Amino acid sequence: MRCIGFFGHGGSGKTSISDAILYLTGVNNRLGKVDDGTSVFDFDPFEIDRKTGLFLATGLCDYKKEKVFIIDTPGYADFFGEVLSGMRAVDTAIIVIDAASGIEVGTEMTFTEAEKSGLPRILFINKAKKEDVSLDSVVNAAKSSFGTGAFVVTKPVDDGIVNLLTLKLYRYKGEKPELADIPDAVLKQLKDEREKLIEGVVETSDDLMERYLEGGEIQDKELLDTFKKGFRDGKIFPILIGDALGLFGITELLDFVVGFTPEPNEMPPLDGQKRDKDGPFIGFVFKTISEPHLGDMHLVRVLSGSVEPGLMMTNATKKTEEKVNQLFLITGKEREETNRLEFGSIGAMVKLKNTGTSDTLTTTSPPIALPPIEFPKPMISVAIVPKSKGDEEKVSKSLNRIQTEDPTFESHFDPDLKQLIISGLGELHLDLIIARLKDRFGVSVDTAKPKIPYRETFVKKAEAQGRYKKQTGGRGQYGDVWLRVEPLDRGGGFEFENKIVGGVVPSKYVPSVEKGIRDALNQGMIAGYPVVDVKVTIYDGSHHPVDSSDIAFKIAGSMAIKNCAEKSGVKLLEPIYEIEVLVPDEFLGDIVGDLNARRGKIMGMDSEGKFKKVKALVPLSEMYKYSTSLRSLT
């Protein structure tokens, strides 16, 4: 059994490769294509409409008596949460590179994430048959980006593809290639490439390196075993070349997958627990999907043991008990009910009571809880307003359902701004959320720019009186206080001090004075924004034995703080964001200029691989839809 995932920049052809695999292994009787809307993996109506992947999808096929589980992920940064979910469910990451575009931001990002996850990485250069493509340039760019461990393993020649490691020729006369001997002329032509590969492999083994330098013979089995170990240890990144739409190089990729990628029992232990088909069950929920008729469907990778309906297990993350109900194997939108999920497989569970994404399900004792997926925080926000009055509750419930499926999406009602705010990883991400609200939940909303949560603060120390006196036919109202205000440092909040001496204001009325002050500060002094970072001291006043009351002193406190504001002066504070922008060298000047135009203050720059990291402080009011502007600039 093998479990592989396709990752890379948007438009590099990840889904096309996944569809080609299902076609060549007989799972699908026709070649699914993204542009035709017939892809097995891009089946959601929004994906078909946009002709691009937006969600993680899974598939399953059999190849040479091995089960191969496939995870296909979106390539756009707005949906990077799906990439992180996919990484946690696979044993090998296949980073797809567009031969025409070369190494792109998404290529670098997914390679780095796979490295952090400790996954072996294959580099697959797709669209090799496209006109005006220089494969040598792309290979050199890959070696430059990913280091000395990147080596060409499959190389296109006139009548097929040569595997430089196994010295096999895949000759193409139809959709599926035939194995043939490599002609001497071709062998001579590829001699240098083969030597580079051998040298790279032996460099990962001290014993082989010593023998190689001394001119000793290295057996084929030794070479293959050392290559396999170097690949699995993350020292070798094999480069394979092909063209998914032409079914070129896909069989070679499958042969490499079943020949060299690790099986589930060869992966590292989980928190000290060995991965074993006969061991206790450990399953990790890497994605949750809300199904209209099934409820929440949880995609699970079986990391140890196996699972059957009726099994009682522990949700180690939430420390609750769960019972397994129905189990499914998933290929695209097709669900096949099964009575068992084997060790290493990917499947779906339904009707679990209290389980979500990143939870660990297990029968180990004590229960083992695996680390959760670290999803990126939302970077862009908009306010939404239901088009129909009375839909507020429906919108809220719908957003909660979407949030269950998508941990990179957040929504909340901001009581200060009096707006319902939704936040995501980009403009396309939020456009999709709004479209799903209408399509799936029947709720239409309008969008608005989020208001800026400005704050107010006092400029200098000041003192003032607040005196409230009201006389009617019966008992009157009387409250009189003197207050002193002092500005505090940023982040100082609100402090209240009672320095009344001699009971000129009875202690029972002081809380009412404070409440009046707090209410007035929350309503703002000049622009309706809450006042912050101020110390208020009550130090004098007077009372009436009959007419004084809580409400009178509350009003007096409010009047006094407003009078203090007139004497002190009040200024507006705006929120400043601390941001980091990762940008290629050639765009550095454009980005710095744009940040300066946004009233930003550049705090420093660091190098990070081929990129520069710009650190800056920028007013929030200048950051609306910045991630979209950033992409257009670069």
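Visitor: What makes a residue count as touching proline 619?
Guide: Contact requires heavy atoms within 4.5 Å. Leaving aside residues up to four places away in sequence, Glu574, Pro575, Ile576, Arg598, Arg599 and Gly600 meet that limit for proline 619. This is a predicted model, in which local features need pLDDT of at least 70 and side-chain atom pairs pLDDT 80 or more, while totals for chains, interfaces and linings use all residues. Residues are numbered from 1 along each chain as its sequence is written, and side-chain values use heavy atoms, leaving out hydrogens and water.

Visitor: Why is proline 619 called buried?
Guide: Its relative accessibility is 4%; buried means under 20% relative accessible area, exposed over 50%, and partly exposed in between (1.4 Å probe, protein chains only). Proline 619 therefore counts as buried. Proline 619 is found in strand S32, where strands (E, at least two residues) and helices (H or I, at least four) are DSSP runs numbered from the N terminus.

Visitor: How far is proline 619 from phenylalanine 227?
Guide: They are 392 residues apart in sequence and 52 Å apart in space, C-alpha to C-alpha.

Visitor: What places threonine 537 in the buried class?
Guide: At 1% relative accessibility, threonine 537 counts as buried. Threonine 537 is found in strand S28, residues 534-542, and touches Trp482, Leu483, Arg484, Glu486, Glu497 and Lys499, again without residues up to four places away in sequence.

Visitor: How do you know on which side of H15 the buried residues lie?
Guide: The buried residues of helix H15 (588-597) are Leu588, Ile591, Val592, Asp594 and Leu595. They cover an arc of only 160° around the axis, so they are on the same side of H15; the arc is that of the directions from the helix axis to the C-beta atoms. On the other side of H15, Gly589 and Ala597 are exposed.

Visitor: What do the buried residues of H15 pack against?
Guide: They pack against strands S30 (576-584), S31 (601-608) and S32 (611-619), and against helix H16 (626-633). Arginine 599 follows H15 and has a positive phi, near 65°.

Visitor: What makes a space a cavity, and how many are there of 30 Å³ or more?
Guide: On a 1 Å grid over the protein atoms alone, a cavity is a set of points where a 1.4 Å probe fits but cannot get out, whereas a pocket is an open set with protein on both sides within 12 Å along at least five of seven lines; lining residues have an atom within 4 Å of a point. By this rule there is 1 cavity of 30 Å³ or more. The largest cavity has a volume of about 30 Å³, and its lining is Lys143, Phe151, Val152, Glu193, Lys196 and Leu197. Helix H7 gives the largest share of that lining, 3 residues.

Visitor: What is known about the second largest pocket?
Guide: Its volume is about 690 Å³, a volume being the space filled by probe spheres set on the grid points, which are joined across faces, edges and corners. Of its 35 lining residues, Phe43, Asp44, Ile289, Glu291 and Glu405 lie nearest the centre. H12 gives the largest share of the lining, 6 residues.

Visitor: How is the lining of that second largest pocket split by class?
Guide: The lining has 16 nonpolar, 6 polar and 13 charged residues. Ala, Val, Leu, Ile, Met, Phe, Trp, Tyr, Cys and Pro count as nonpolar, Asp, Glu, Lys and Arg as charged, and the others, Gly among them, as polar.
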